[in-house]
Amino acid sequence: MSELPNLLEKGFAEALMNPRLRYLLDIKKGDILARNPECANCQVFKDCGTGCRTSALIGSGNILAKDPIACQLWKGGYKRRFMEIALAWERR
Ligand code: SF4
């Protein structure tokens, strides 16, 4: 992925023709779900949505993997806990 176009050096239209960038732009949610069946059956999928592609790449080495950090945040109840803390803070 290090050979993505640099918009400081190339025009936008030319950059969009780059096959590596096209691959990234063409990734669909269905591509991710096909490779991560646990996400398709996950109770918090509507909220998590398989997470962030960059985080998936950094966390697992695979841009089509589920995002391991988002998974921990949602399944570990951290998002709910953060919300509870924020709401408690607002009520002070
Ligand atoms: S919480 Fe985990 S299993 Fe559920 S959708 Fe997110 S990444 Fe997938």
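The legends below describe close-up views of a predicted model. Residues are numbered from 1 along each chain as its sequence is written, and side-chain values use heavy atoms, without hydrogens and water. Local features need pLDDT of at least 70 and side-chain atom pairs count only at pLDDT 80 or more, while totals for chains, interfaces and linings use all residues.

View 1. The ligand sits in the largest cavity. A cavity is a set of points, on a 1 Å grid over the protein atoms alone, where a 1.4 Å probe fits but cannot get out; a molecule sits in it if more than half of its atoms lie within 2 Å of its grid points. Around the ligand are C39, C42, V44, F45, C48, T50, K66, C71, W74 and K75, each with a heavy atom within 4 Å of it. Helices α5 and α7 are the elements that give two or more residues to this shell. The largest share, 3 residues, comes from α7. Helices are DSSP runs (H or I, at least four residues), numbered from the N terminus.

**View 2. T50 in the loop between α5 and α6.** T50 lies in the loop that links α5 (45-48) to α6. T50 has a relative accessible area of 2% and is therefore buried (buried is under 20%, exposed over 50%, partly exposed in between, with a 1.4 Å probe and protein chains only). Leaving aside residues up to four places away in sequence, T50 touches K29, I32, L33, C39, F45, K66 and D67; contact means heavy atoms within 4.5 Å.

View 3. In α6 (residues 53-60), the buried residues are R53, S55 and A56. They lie on the same side of α6 because they cover an arc of only 160° around the axis, taken from the directions from the helix axis to the C-beta atoms. The cover over these buried residues includes α3 (29-35) and α7 (68-75). T54 and I58, on the other side of α6, are exposed. After α6 comes G61, with a positive phi near 85°.

View 4. The structure holds 1 aromatic pair. Y78 and F82 form this pair, which is tilted, with 6.5 Å centre to centre and 35° between the planes. Rings of Phe, Tyr and Trp (its six-membered ring) pair if their centres lie within 6.5 Å; planes under 30 degrees apart count as stacked, over 60 as edge-to-face and the rest as tilted. Y78 and F82 are about one helical turn apart because they are 4 residues apart in α8 (residues 78-90). Y78 is partly exposed at 42% relative accessible area, and F82 is partly exposed at 47%.

Definitions and conventions
On a 1 Å grid over the protein atoms alone, a cavity is a set of points where a 1.4 Å probe fits but cannot get out, and a pocket is an open set with protein on both sides within 12 Å along at least five of seven lines; lining residues have an atom within 4 Å of a point.
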